[in-house]
Every structure is written in C-alpha cells, then in structure tokens.
Amino acid sequence: MKKRIAVLPGDGIGPEIVAGAMKILQTIETLYRHQFEITYADIGGCATDKTGTPLPNETITICKNSDAILLGAVGGPKWDSLPVEKRPEQGLLKIRKELNLFANIRPTTCYESLAASSPLKEDIIAGVDLIVVRELTGGIYFGKPSERRLIDGKPGAVDTLQYENEEIERVVEKAFEIAKTRSKKVTSVDKANVLETSRVWREIASQVAEKYPDVILEHMLVDNAAMQLVRNPKQFDVIVTENMFGDILSDEASVLTGSLGMLASSSLSAGGPYLYEPIHGSAPDIAGENIANPLATILSVSMMLRLSFQMENEATIIEEAVNNVLNKGFRTRDILAPNCTIVSTTEMVEEVEKEIRQLV
Ligand code: ATP
Ligand code: MG
C-alpha cells in the first residue's frame, strides 16, 4: 500500500540533509518495491518569506493527510529580528501542537568507531544503545501560571507541575510499545520520594506494565538516573520520563554518542502521523556548503520506516549501512578523526547508498 510522506526541508542545512535522506528513502523504495508518495511543504523561515507565516495552513493540511512527516531544521539569523509569530521556531512549536505530538523519542546509539569523540571513557560508552522517551506536551513547562513573581506578598515565583493520569498513561504505553521491539526493558524515571505527580507516574507505569508481560519495568529516581547514565549507560534500554526530567536526561544522553550530527528523533501522537527530525538545528554557519552530516536525518528516515511503517528490515539495513560506512572511515567534518576520509554531504549519502545496495 502507498505510504504518504510529508517532507518539510525547512531552512539552513535542512534542504541539503533532507535531499540526502530522500535519496536513501528512494533507494529503499526501489530495492524493496515500496510505494512512497512524497509531498513537499514549507515550514520555518522559508515559509515566512514566501507566505508571511512560518506554518502555512497548506502545510498543516499536507501533514495531517500524510502517514508520516520528515522535517529538516528551521531557523537562522536572517529571521531573528522578526515579530515572534513570524519566527521559524514558532512553525515547529505550532506543528507539534496541531498534531498533538506528546511523546518525543530520542535514541542514543554509540557507534564504536565514534567512541573516541565522546568525553566519556570508551569502555563505558561502547555498545550503548538506549532510547529516551520524553513526555512533550505536559508537566511543569505547561503548568498553570499562578502569581509568578509574588508569594504571600513577598517576591518569588511559582511553577506548577501537573499531570492527568491519561497523559502519563499514553506516553508510558508508547515506551512499552517501543521496548517490545527491542531488549524489552523500560526504566521509568521519576522523583517519587518527593513529588506526588511522580508517585502517580510510578503507579500508572506499573499498571501499564501489566499489559506487557514480556517487558521488564524498573523504576529509578531521576537523580540516580542522571548518575547512572554516565556511570553505566549500558544498563538502559528504554527510559520513559516526564517532560522536564526528559529534557535534561536526553541532552545528557546525547553526549554519549559524540556528535549532534548523528542523532535522530521522532515525535509521536495517539493516532499519527508521527514527525521525524534530526535533533540538531539548521546550522546556518555551514549551510549551502555541502559539508553537513546527513546521518542524523538518514537515521530519522530509518526511525520512520520502523515506527510508522513497521518496516523493521529496511530500518535495520539503513542503520547497518551507516555503521559500516563509519567503520570504513568515511567522515563529515563534525565527526572527523585521524586517518579518516573526509567526505561531503552528498558523498556520505552515496557511501550509505552503496552500502545498502550491498546489504540487501
Ligand atoms: P537550534 O536552536 O535550531 O537547535 P543550535 O543553536 O542548537 O540550533 P545547530 O544548528 O544545531 O545550533 O548547530 C550547532 C553547531 O553544530 C553548529 O556549529 C553547526 O554547524 C553544527 N552542526 C549542527 N548540525 C550539524 C550537522 N548535521 N553536520 C555538521 N555540523 C552540524
Ligand atoms: Mg539546539
């Protein structure tokens, strides 16, 4: 059956890395005889330039009518002085809201060949393969504002942390669904010794776990999790946690891989479509030079194939191809190491493509 994919290249290096990822998607389409129906749409600064808004209605419609969305990156200094509603980042926030993307998934895979680029010891990070599932539309970042700068007449501030049971349940369920396809372990991270929301989080996580007898659930306090992530990251498979804890832990986890240019992400909703994007930004400093690392976007395509289309083989082939290309020593500038071959964006894409053709 035809899969409809909305493609939003965006700004800066967005169009270059998305073009590379689309080449890989087309290779998979041909080799596995799939049918992908691609519709391009504008988001971010380029959309503001064309239409006066960073998220035109047409883009929202195209996204809602698709089975999955691939996004490059948005933003750049060119649009920094515009009024807030015209800025590129607003486009991104708005599309997340429009599509109710409540679970943000960030896999952290440590490629052995890149281990030297991490500040952590090689034996600690080699073989790390974990996913942080972060609740994205609730928690303290969305708490009701009370008298933010005044407490009982004294200067101060209040933020409220709140979760409805349903908001916890749906994100924990996502984590279990993902764990089912992996090593089958979920670590639910909370602060249940102090916070009521965390106690509820823990209860609901345990209830959800009953529906997944093959998946092991463990609970961990967030302070301990922060330490364990750099002390012994290999113990983790899927980490699920609330918005702010996830924000902090997923940034911490990204250090394990060595480079921003390697990390993919997906944002999930209840019924789809899901949105896939590299975690890095639009890198305006290197835009248009054909030197950006396309691997994070290529790995985002791999996530799309696995999560949105259940194409497990195809997803794994892309990941293996990326791994092999790195092992052969091909590097874009951001992951450069001694005795490696520097390649451009397009050359890196060609190497991955060659590798896929050999693997299939
Ligand atoms: P945003 O606010 O959109 O997340 P940012 O300020 O975090 O953006 P990025 O655009 O992610 O910044 O870039 C940070 C640095 O990493 C820049 O020097 C950029 O050139 C580099 N960089 C980001 N992505 C890549 C990539 N795919 N390949 C090579 N270098 C990259
Ligand atoms: Mg950033």
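The questions below concern a predicted model.

Student: Is strand E8 enclosed or open, and how many of its residues are buried?

Tutor: Strand E8 covers residues 185-190, a run of 6 residues. A residue counts as buried if 20 or more other C-beta atoms lie within 10 Å of its own. Strand E8 is largely enclosed by the rest of the structure because the number of its 6 residues that are buried is 5.

Student: Which residue of strand E10 is the bridge partner of Thr 187?

Tutor: Strand E8 pairs in the parallel sense with strand E9 (residues 216-221) over 6 bridges, and the chain crosses from E8 to E9 through helix H7 (residues 196-210) in a right-handed β-α-β crossover. In E9, Thr 187 stands opposite Glu 218. E8 also runs parallel to strand E10 (residues 238-241), to which 4 bridges join it. The bridge partner of Thr 187 in E10 is Ile 239.

Student: Why is Val 255 described as partly exposed?

Tutor: Val 255 sits in the loop between helix H9 (243-254) and strand E11 (264-268), and among residues beyond four places away in sequence it touches Ser 118 and Pro 119. A residue is buried with 20 or more other C-beta atoms within 10 Å and exposed with 12 or fewer. Val 255 falls in between, and is therefore partly exposed, because the number of other C-beta atoms within 10 Å is 15.

Student: Which residues come nearest to ligand 1?

Tutor: The shell around ligand 1 has 6 nonpolar, 7 polar and 2 charged residues. Of the 15 residues around ligand 1, those that come nearest are Gly 261, His 280, Gly 281, Ala 283 and Asn 293.

Methods. Residues numbered from 1 in each chain as written. Chains lettered and ligands numbered in written order. Predicted model: local features only at pLDDT ≥ 70, side-chain atom pairs only at ≥ 80, totals over all residues. Near = placed C-beta within 6 Å. Nonpolar A, V, L, I, M, F, W, Y, C, P; charged D, E, K, R; others polar. Helix = DSSP H or I, 4+ residues; strand = E, 2+ residues; numbered from the N terminus. Contact = placed C-beta atoms within 7 Å. Pairing = 2+ DSSP bridges. Right-handed = clockwise from strand over helix to strand, strands pointing away.
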